[in-house]
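Okay, thanks for making time, everyone.

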Amino acid sequence: DFVADFRDWAYLYGEGFFNDSIIYKLYTKSLLKYTKSLLKRADKVTFVSKIMLNYYKKKLNLRQPLLHLSNGFDNSKVVVDSGKIYCENTENREIHIVYTGSIYYKNRNPECFIQCIGKYTKLHNKKIVFLYAGKDIGIMEQLVEKYGISSMFENKGFLSHKDSLKLQREADILLLLAYTGKDQNIGSSIITGKLFEYLASGRPILVIGPEHWEMREVVEADGLSRVISDGDYKEIERFLDNFPEGMKEFNMKKRAELLEKYGYRSLSENLRDFLMEGHNEGLL
């Protein structure tokens with residue numbers, strides 16, 4: 001069988017001056033044509049996103065077997081913490097918000113969030129420490145200085161994967177920048193691999209992403225984590241106001257149940273079954 005696997009949108013996803021140019025559109029026109037031909041010729045096709053799968057299935061009238069093969073996490077390296085964890089409600093307690101990973105200014109941009117927490121700390125009697133680990137420290141330092149929160153910012157540097165996981169588990173809140181760009185449909189399908197580390201951490205997650213983000217139900221299953229649109233100050237305010245009291249209702253067990261299907265072991269079994277469909281008789 002010829003199996004085509006789509007991990008990214010086929011030349012539809014791009015934001016910025018160059019992507020809007022005539023040169024880019026002329027160049028990608030032939031690539032789009034090739035993509036259509038590739039999909040038509042494939043015996044089976046896998047897609048990283050349900051939204052992507054449904055789009056191409058309808059757009060190209062695909063008739064062959066299709067599989068939603070999500071990103072996931074390595075069960076042997078990232079252990080799911082399913083214990084009950086909550087924070088004591090102390091009036092002067094600092095809230096540690098952690099973001100680990102890269103920044104893409106066009107579509108994974110922390111500026112509106114930094115502006116929101118800058119405004120929040122000025123209006124509310126809550127202490128916030130914003131910790132960042134990643135390669136884009138220059139951008140982060142410019143933004144925290146711009147919005148007056150340098151005193152509450154900590155640079156953790158570029159950490160090893162092991163140390164990054166440790167930092168995530170020590171956080172009060174994990175910040176995930178899912179998508180902050182213009183195309184809400186494509187943005188709703190973008191699922192960074194960082195999400196699964198966050199889900200396994202045993203910590204609540206504040207996701208900045210589209211309202212109809214594909215993983216919203218999984219993220220919000222614990223009863224506390226939220227998916228909030230970029231720049232929605234009121235919703236970010238409500239989320240922070242509910243912390244740490246809301247941790248008493250935090251349901252990590254429910255999250256762990258949903259997360260189980262995104263482990264590499266489970267995903268590999270799904271792919272194996274998909275590839276073997278139609279070949280079982282030949283093996284008997």
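So, let me start with a question: which strands does helix α5 lie across? Helix α5, residues 161–170, lies across β4 (94–100), β5, β6 and β7 (173–177), and α5 runs at about 150° to β4.

Before I go further, please keep in mind that this is a predicted model. The overall inventory for the protein chain is 12 helices and 9 strands. Buried residues account for 47% of the 284 residues. And if you take contacts between residues at least 6 apart in sequence, 71% of them join residues at least 24 apart.

We have 6 strands in an open sheet, ordered β6-β5-β4-β7-β8-β9, with parallel pairing. At the edges you find β6 (153–157) and β9 (226–228), each pairing on one side only. Neighbouring strands here are turned by 25° against each other on average, direction ignored.

β5 and β6 run parallel and are joined by 4 bridges. If you want a landmark, look for tyrosine 132, which stands opposite asparagine 155 in β6. Between those strands comes α4, and β5, α4 and β6 together make a right-handed β-α-β unit. Helix α4, residues 137–146, lies across β5 (127–133) and β6, and runs at about 175° to β6.

Now the loops on this side. Lysine 135 sits in the loop between β5 and α4. Leaving out residues up to four places away in sequence, lysine 135 touches Ser102 and Phe158. The side chain of lysine 135 also makes a polar contact of 3.1 Å with the side chain of aspartate 136.

Buried or partly exposed, what would you call serine 160? Serine 160 counts as partly exposed, because its relative accessibility is 38%. A polar atom of the serine 160 side chain lies 3.2 Å from the backbone nitrogen of aspartate 163. The C-alpha atoms of serine 160 and alanine 133 are separated by 9.8 Å, and those two are 27 residues apart along the chain.

One more helix around here: α3, residues 111–123. With 13 residues, α3 reaches 19 Å from its first C-alpha to its last, close to the 18 Å expected at 1.5 Å a residue. Which residues of α3 are buried? They are Glu111, Phe113, Ile114, Cys116, Ile117, Gly118 and Tyr120. As a reminder, an α-helix has 3.6 residues a turn, so residues three or four places apart point the same way. What covers those buried residues of α3 includes β4, β5, α4, β7, β8 and α9 (233–241).

Right, on to the other sheet. This is an open sheet of 3 strands, in the order β1-β2-β3, and the pairing is parallel. β1 (3–6) and β3 (66–68) are the edges, and each has a single partner strand, so one side of each has no neighbour in the sheet. The twist averages 15° from one strand to the next.

Strand β2, residues 44–47, pairs with β3 in the parallel sense over 3 bridges. In that pairing, histidine 68 in β3 is the bridge partner of phenylalanine 47. Helix α2 (residues 50–60) lies across β1, β2 and β3, running at about 160° to β3. Helix α11, residues 264–276, packs on the sheet as well, touching β1, β2 and β3, and its direction makes about 160° with that of β2.

Last, two backbone details to check on your own screens. Asparagine 61, in the loop between α2 and β3, has a positive phi of about 55° although it is not a glycine. With a relative accessible area of 42%, asparagine 61 is partly exposed. The other detail is a cis peptide bond joining phenylalanine 243 and proline 244, with omega at about 10°. Proline 244 lies in the loop between α9 and α10 (252–259).

That's my tour, so over to you.

Technical notes. Residues numbered from 1 in each chain as written. Predicted model: local features only at pLDDT ≥ 70, side-chain atom pairs only at ≥ 80, totals over all residues. Heavy atoms only, no water. Pairing = 2+ DSSP bridges. Axes fitted to C-alpha atoms, helices over the stretch in contact; angles between N-to-C directions. Contact = heavy atoms within 4.5 Å. Expected span 1.5 Å × (residues − 1). Buried < 20%, exposed > 50% of the residue type's maximum accessible area, 1.4 Å probe, protein only. Polar contact = N/O pair within 3.5 Å; in protein donor to acceptor, adjacent residues only side chain to side chain. Right-handed = clockwise from strand over helix to strand, strands pointing away.
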